[in-house]
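Here is a short report on charged side-chain pairs. Look over the sequence and the model first.

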Amino acid sequence: MPRAKMSGEYILVCAVQLGKNFCLYFTDDDELECDALCKEKILQQRVFRNANSQLLVVQPDLDMAAFEDVTDQEMKSGSGMHFNIHCYKTTTPSAGLPVAFSIQIKNKNYYMCCEKEFGKTIVRFREGEVPTEIPCESNFIFFKKTFTSCSSKAFKFEYSLEQGMFLAFEKEGYLRKLILKKMANEDEVDETMKFLA
């Protein structure tokens, strides 16, 4: 039988059931505890704004996501702007709320992920559904954190596989492209990492 070592002592751990949303439950003195990540809820049709009040727009045919100036009318009828945020339960809430992002464009579903290209991690939108099974290392999971302690409506999203790397925007010509950016230190307030939902 598997054993887990915690605080210097071994604890017998037995899987007892596979619950709703594919949560794996274990028993320890008749108490059930959910495994680290399982899907809890989906927040639908959310838009993201940056500190300049621009909307995040995905254009998968151009393999790009960027913040753009969008009118209210364009936002209501627009494609590539309304995200679903897939929230997961976790047993380690100090890291932030684990989330994944998906979007539907022209009857096709896409999910956000990060991939290595020429030694640099880049943000991509891949066709398909957000995977339901979460492997140990997931290139589509981000940790949602409050941007600052005094701002409850602004967030930053840390990439789960690279601590200190956050979703941000970078000016490239007339665009503000969605990128991953290294935070210099934990106390830094970088407006390019600020997302308003």
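## Salt bridges overall

Nine salt bridges occur in the structure. The model is a predicted one. Individual pairs and a linked group are taken in turn below.

## E172 and K177

E172 pairs with K177 through their side chains. The N to O distance of this salt bridge is 3.7 Å. That falls within the 4 Å cut-off, so the pair counts as a salt bridge.

How accessible are the two partners? E172 has 43% relative accessibility and is partly exposed. K177 is also partly exposed, at 24% relative accessibility. Buried means under 20%, so K177 is not classed as buried.

## K181 and D190

A salt bridge joins K181 to D190. Their closest N and O atoms are 2.8 Å apart.

Is D190 buried or exposed? D190 is buried, because its relative accessible area is 10% and the cut-off for buried is under 20%. K181 has a relative accessible area of 28%, so K181 is partly exposed.

## E191 and K194

E191 and K194 form another salt bridge. Here the closest N and O atoms lie 3.9 Å apart. This distance is within 4 Å, so the contact qualifies.

E191 is partly exposed. Its relative accessible area is 38%.

Definitions and conventions. Residues are numbered from 1 along each chain as its sequence is written. This is a predicted model: local features need pLDDT of at least 70, side-chain atom pairs count only at pLDDT 80 or more; totals for chains, interfaces and linings use all residues. Side-chain values use heavy atoms; hydrogens and water are left out. Buried means under 20% relative accessible area, exposed over 50%, partly exposed in between (1.4 Å probe, protein chains only).
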